[in-house]
Amino acid sequence: MHCPKCGSIIKDKAESCKFCKTTITAADREKELSLRPTPRPKELKEIKNTCQGCGHTWFYDRSDQLKNFGEKMDVVSDDLVKTSCCCLFFPLGFLTFLIPKKKVIDLNRCPKCGSKAIKKETVTHNI
Ligand SMILES: [Zn+2]
Ligand SMILES: [Zn+2]
């Protein structure tokens, strides 16, 4: 904290200023603390999805989004590797049967009915 008289930085629990010897009272300490920015409450942001087809609601948070994105990237790179080593031997149309489809959760689809008509809202929870 700061000394109320000379403004020097002193220990939070100091009883007097070591520079100007002013006695630090509890009121001084409270005043100083009240001036400090209060830490903001932790927030958790989630995406709330509501299916317009069947009314199903579900949530995902940003980590799901990122994870899903990462998995999608994996699929792309796998495909590229397979395409580059197989296309010498097979016609391109064949490849779609050969490439195993990795299961990627489609965050833009209802997990219940598969509808793409989804309403998205961001919900903020205070922890
Ligand atoms: Zn002082
Ligand atoms: Zn649905």
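## Lys 21 and the segment before α1

Lys 21 is found in the segment that precedes helix α1 (26-35); helices are DSSP runs of H or I with at least four residues, strands are runs of E with at least two, and both are numbered from the N terminus. This residue has a positive phi of about 65 degrees although it is not a glycine. Most residues other than glycine have a negative phi.

Lys 21 is exposed, with 10 other C-beta atoms within 10 Å. A residue counts as buried if 20 or more other C-beta atoms lie within 10 Å of its own, as exposed if 12 or fewer do, and as partly exposed in between, with C-beta atoms placed from the backbone.

## Basis of the model

This is a predicted model, in which local features need pLDDT of at least 70 and side-chain atom pairs count only at pLDDT 80 or more, while totals for chains, interfaces and linings use all residues. Residues are numbered from 1 along each chain as its sequence is written, and chains are lettered from A and ligands numbered from 1 in the order in which they are written.

The average pLDDT of the chain is 76, and 65% of the residues score at least 70; pLDDT is the predictor's confidence in each residue, from 0 to 100. Over residues 81-87 the pLDDT is below 50, and this stretch has 5 contacts in the model beyond near neighbours in sequence. Two residues are in contact if their C-beta atoms, placed from the backbone, lie within 7 Å.

## Overall arrangement

The chain contains 3 helices and 3 strands, which follow the pattern α-β-β-α-α-β along the sequence. Of its 127 residues, 5% count as buried. Among contacts between residues at least 6 apart in sequence, 53% join residues at least 24 apart.

## The antiparallel sheet

The 3 strands form an open sheet in the order β2-β1-β3, with antiparallel pairing; two strands pair if DSSP finds at least two bridges between them. The edge strands, β2 and β3 (118-126), each pair on one side only.

Strand β1 (residues 43-51) pairs with strand β2 (residues 57-61) over 5 bridges, and Thr 50 has Thr 57 as its bridge partner in β2. These two strands form a hairpin with 5 residues between them, and Gly 55 in the turn has a positive phi of about 80 degrees. On the β3 side, 9 bridges join β1 to β3; here the bridge partner of Leu 44 is His 125.
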